[in-house]
Amino acid sequence: MPFYFAREAPKLWRKICNESSTEASLLAGNWKFVLAGLICQYLHGLAVHGVHYLHRPGPILQDAGFFLLPWTFHPFVFQSKKIYTVLIWCRVLAYLAVSQFLRIITFYATQLPGPNYHCREGSELARLPPPKSALAVLLINFPRGVMYGCGDLIFSSHMIFTLVFVRTFQKYGTRRCIKQFAWLVSVILSVLIIASRKHYTVDVVVAWYTVNLVVSFVDQKLPELPDRSLGSTSPPLLPTSTKDRDSKNREELEKFRNGNSSDISTRV
C-alpha cells in the first residue's frame, strides 16, 4: 500500500495541476461573465437592504400554509468529471441573476408586511432608521441584514438558490440517487420556510414555477456546455504521462474554443 501511494501521488498532483491550469485558462476567457454574475449578487443584496427601509409592519396576512403548518419550528481529482467548473458557474450565475432581477421587481412593486417575528409591529427590527449616509445603504449590513431583513417577500430567495442548484445538478450531475434526494430536500425546505414564517406560501409557490421557467429560458439562450466525456469510453482515473496530459489538455481547450468540434456536433 505505501508503494502504491508513493507511485500514484505524483500522478495525482499532475492531475490537480492539469485541472487547475485548464480552469484558470477558462476563467481568463470568461472573467467578465463571472464578475457580472457576482455584481448581480451584490445588487440583489443592495435591493433587499433597500426595501427594508420601506417596510411597514402590519397585520399578518391570512395564509393557507400558516394554517396547515402550526408554529413548530424556530427560527478536481477524478477523470470522470463531465464539465468545467468555470463554465458551470457562469451558467449558475446567469440563472441567479435573471431570477433575482425578477424578484427585485416584484418585492418593490408590492410591499407586504413581513410574517417573521422580527418584522411584526413592536419589533425594533421591523423598520430601519433613515440612513445617515449612502455608505450605510451600500454596505447592506451583511450578514445581519440577511438574517433580519423585512419586506423582500415575493418571491423566496431561499428557494431561488435551492432550485437553481438542484436544477443544475439534475442536468449535469451523474448520480441518480443524489438527484432524487436533492428534489426531496427542496420540498422539505419549502415546508420549513413556511412553517418558520420566513415567507408566505405564495412566495414559495411563485419561486417554484418562476425559477424553473427562468432556467429553461436561459438554457435556450446560452450555448450548451461542452461535455468533456464525449468521445471517450472509459478514461483512466489519472493521466499516464505528462505528454498525454498536455495533449489532452490542448485538445479539450481547442474543443471548447471552437465550439463546433465533430465529436460534440454529432453527439449533442
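Analyst: Start with the length of helix H8, residues 201-221. Its 21 residues should span 30 Å at 1.5 Å a residue, and the end C-alpha atoms are 31 Å apart, which agrees. The expected span is 1.5 Å times one less than the number of residues. Helices here are DSSP runs of H or I with at least four residues, strands are runs of E with at least two, and both are numbered from the N terminus.

Two notes on the basis. This is a predicted model, in which local features need pLDDT of at least 70 and side-chain atom pairs count only at pLDDT 80 or more, while totals for chains, interfaces and linings use all residues. Residues are numbered from 1 along each chain as its sequence is written, and side-chain values use heavy atoms, with hydrogens and water left out.

Now the setting. The protein chain has ten helices and zero strands. Of its 268 residues, 39% count as buried. Buried means under 20% relative accessible area, exposed means over 50%, and partly exposed lies in between (1.4 Å probe, protein chains only).

Back to H8. Its buried residues are Thr 201, Asp 203, Val 204, Val 206, Ala 207, Thr 210, Val 211, Asn 212, Val 214, Val 215, Val 218 and Asp 219. An α-helix has 3.6 residues a turn, so residues three or four places apart point the same way. The cover over the buried residues of H8 includes helix H2 (64-68), helix H3 (85-109), helix H6 (157-172) and helix H7 (176-195). Contact here means heavy atoms within 4.5 Å.

Asn 212 counts as buried because its relative accessibility is 18%. A polar atom of the Asn 212 side chain lies 2.5 Å from the backbone oxygen of Trp 208. A polar contact is a pair of N or O atoms within 3.5 Å; within protein, one must be able to donate a hydrogen and the other to accept it, and residues adjacent in sequence count only if both atoms are side-chain atoms. Leaving aside residues up to four places away in sequence, Asn 212 touches Leu 163, Arg 167 and Trp 183.

Next, Asp 219, also in H8. With 19% relative accessibility, Asp 219 counts as buried. Asp 219 forms a salt bridge with Lys 171, the closest N and O atoms being 3.6 Å apart. A salt bridge is a side-chain nitrogen of Lys or Arg within 4 Å of a carboxyl oxygen of Asp or Glu. This pair links distant parts of the chain, 48 residues apart, with Lys 171 in helix H6. Lys 171 counts as partly exposed, at 36% relative accessibility.

Lys 171 has another partner. It forms a salt bridge with Glu 224, with the closest N and O atoms 3.1 Å apart. Glu 224 sits in the loop between H8 and helix H9 (242-258), 53 residues from Lys 171. With a relative accessible area of 39%, Glu 224 is partly exposed. Arg 91 joins Lys 171, Asp 219 and Glu 224 in a network of salt bridges. The structure holds four salt bridges.

One of them involves Asp 152 and Arg 103, whose side chains meet at 2.9 Å, N to O. Asp 152 is in the loop between helix H5 (144-147) and H6, while Arg 103 is in helix H3, 49 residues apart. Both residues are buried. Asp 152 itself has 13% relative accessibility. Its contacts, not counting residues up to four places away in sequence, are Val 48, Val 51, Arg 103, Phe 107 and His 199.

H3 and H6 also pack against each other, at an angle of about 145° with axes 10 Å apart. Axes are lines fitted to C-alpha atoms, for helices over the stretch in contact, and angles run from 0 to 180 degrees between N-to-C directions. Residues that meet here include Arg 91 and Arg 103 from H3, and Phe 161 and Thr 168 from H6.

Finally, two backbone points in loops. Most residues other than glycine have a negative phi, and most peptide bonds are trans. Arg 197 is not a glycine, yet has a positive phi of about 65°. Arg 197 is in the loop between H7 and H8, and counts as buried at 7% relative accessibility. A cis peptide bond joins Ile 154 and Phe 155, with omega about 5°. Phe 155 lies in the loop between H5 and H6.
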